[in-house]
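Visitor: I would like to learn how to read the features of a model like this one. Please show me the structure before we start.

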Amino acid sequence: MHASPQLPGWQHVFTGKVRDIYIPQSATEIGEATQILMVASDRVSAFDYMLEPPIPHKGEVLNTLTVWWFRHLDEPNHLLSTDVPDAVSGRAVIVRNLQMYPIECVVRGYLAGSAWAEYQEHGAVCGIPLPAGLSFGDALPEPIYTPAWKAPHGQHDENITYERTVDLVGEEVARTLRDTSINIYREGARIAEARGLIVADTKFEFGDDLGHVILGDEVLTPDSSRYWDRAQWEAGDRAQSWDKQIVRNWLAEHWDRTGEPPVLPEEIVAETSRRYRELATRIQSEAPHS
């Protein structure tokens, strides 16, 4: 486990898979803190396992893109400030401390990943029937909402039905999470499309702020989303992506998911870092990508 830096005015309270959470020194626990400092690290995970070594520049890319998307999406979010301690400048934000919902709000516009495997077996994804005859990477008729339950730390997340989200958070919040997620996906996909990119699928997380559902965590990053190059996709190449799929693919070929995962080879680490940085450059470009 990598040590979290000590930061003036802040105390470290939690280390997640990728992020470190700090609260003000004046707060005695996270529950009473009105704001938190969220630091994105270079750590990488796949299949719910932490991997070594870290991916250079990854934390900076995740943080930079999330801030960019927060400022370009028409949706209330938890961002308060990017004025953070120098030691974590560029990879940290100060945000409102939301009461997060235990649901990963996954939206899929294309058939890939675990959805492809489920479709092949059942002709449906998370209980949502899909047309017969679809191939890997095909665009879906409409984006679909396929939520997951955020398992306690150390356990694996679990795909659930929409009806199960109603049981977890109530009908009104469940409906808001679903509809808002699909709307943000559509808006994000449109912005990415202008830059020659496809958002195949993504996940959002939300929290409660005085009775309001607020967008939090990371947004449309290569950690939370599957990005494809539109020109390559139209040419039939659906294997290349600007996210950590390269890491998943290597692990699937070299590890049977028993015991500790193997150390990632240098070339996989370097190529993953390159793709993250290239994606960040393309998304933040104001002129449409040609």
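Visitor: Leaving aside its neighbours within four places in sequence, which residues is Asn77 in contact with?

Guide: Some ground rules come before the reply. This is a predicted model, in which local features need pLDDT of at least 70 and side-chain atom pairs count only at pLDDT 80 or more, while totals for chains, interfaces and linings use all residues. Residues are numbered from 1 along each chain as its sequence is written, and side-chain values use heavy atoms, with hydrogens and water left out. Contact means heavy atoms within 4.5 Å. With neighbours within four places in sequence set aside, Asn77 is in contact with Phe70, Arg96, Ile214 and Leu215.

Visitor: Where is Asn77 found?

Guide: Helices (H or I, at least four residues) and strands (E, at least two) are DSSP runs, numbered from the N terminus. Asn77 is in the loop between H1 and strand E6 (79-81).

Visitor: Is Asn77 buried or exposed?

Guide: Buried means under 20% relative accessible area, exposed means over 50%, and partly exposed is in between, with a 1.4 Å probe and protein chains only. Asn77 has a relative accessibility of 13% and so counts as buried.

Visitor: What lies 3.4 Å from a polar atom of the Asn77 side chain?

Guide: The backbone oxygen of Phe70 is at that distance from the side chain of Asn77.

Visitor: How is the packing of two helices described?

Guide: Two packed helices are described by the angle between their axes and the distance between the axes. Axes are lines fitted to C-alpha atoms, for helices over the stretch in contact, and angles run from 0 to 180 degrees between N-to-C directions. Angles under 35 degrees count as roughly parallel, over 145 as roughly antiparallel, 65 to 115 as roughly perpendicular and the rest as oblique. Here, helix H1 (residues 58-72) packs against helix H7 (residues 266-284) at an angle of about 20°, and their axes are 10 Å apart. H1 is therefore roughly parallel to H7.

Visitor: In which hand does H1 pass H7?

Guide: A crossing is left-handed if the near helix is turned anticlockwise from the far one by less than a right angle, and right-handed if clockwise. H1 passes H7 in a left-handed crossing.

Visitor: Which residues of H1 and H7 meet?

Guide: From H1 come Lys58, Val61, Leu62, Thr64, Leu65, Trp68 and Trp69, and from H7 come Tyr276, Arg277, Leu279, Ala280, Ile283 and Gln284. By class, the contact of H1 with H7 has 9 nonpolar, 2 polar and 2 charged residues. For these classes, Ala, Val, Leu, Ile, Met, Phe, Trp, Tyr, Cys and Pro count as nonpolar, Asp, Glu, Lys and Arg as charged, and the others, Gly among them, as polar.

Visitor: At roughly what angle do the axes of H1 and H4 cross?

Guide: The axes of H1 and helix H4 (residues 171-193) cross at roughly 110° and come within 11 Å. H1 and H4 are therefore roughly perpendicular to each other. Trp68, Trp69 and His72 of H1 make the contact with Glu187, Gly188, Ile191 and Ala192 of H4.

Visitor: How do the axes of H6 and H7 cross?

Guide: The axes of helix H6 (residues 245-254) and H7 cross at roughly 155° and come within 9 Å. That makes H6 roughly antiparallel to H7. On the H6 side, Ile246, Val247 and Trp250 meet Ile268, Glu271, Thr272 and Arg275 in H7.

Visitor: Is Ile268 buried or exposed?

Guide: Ile268 counts as buried, at 11% relative accessibility. Not counting residues up to four places away in sequence, Ile268 touches Ile246, Val247 and Trp250.

Visitor: With which side chains does the side chain of Glu218 make polar contacts?

Guide: A polar contact is a pair of N or O atoms within 3.5 Å; within protein, one must be able to donate a hydrogen and the other to accept it, and residues adjacent in sequence count only if both atoms are side-chain atoms. The Glu218 side chain has such a contact with the side chain of Arg19, at 3.4 Å, and with that of Thr221, at 2.4 Å. Glu218 is found in the loop between strand E16 (212-216) and strand E17 (225-229). With a relative accessible area of 7%, Glu218 is buried.
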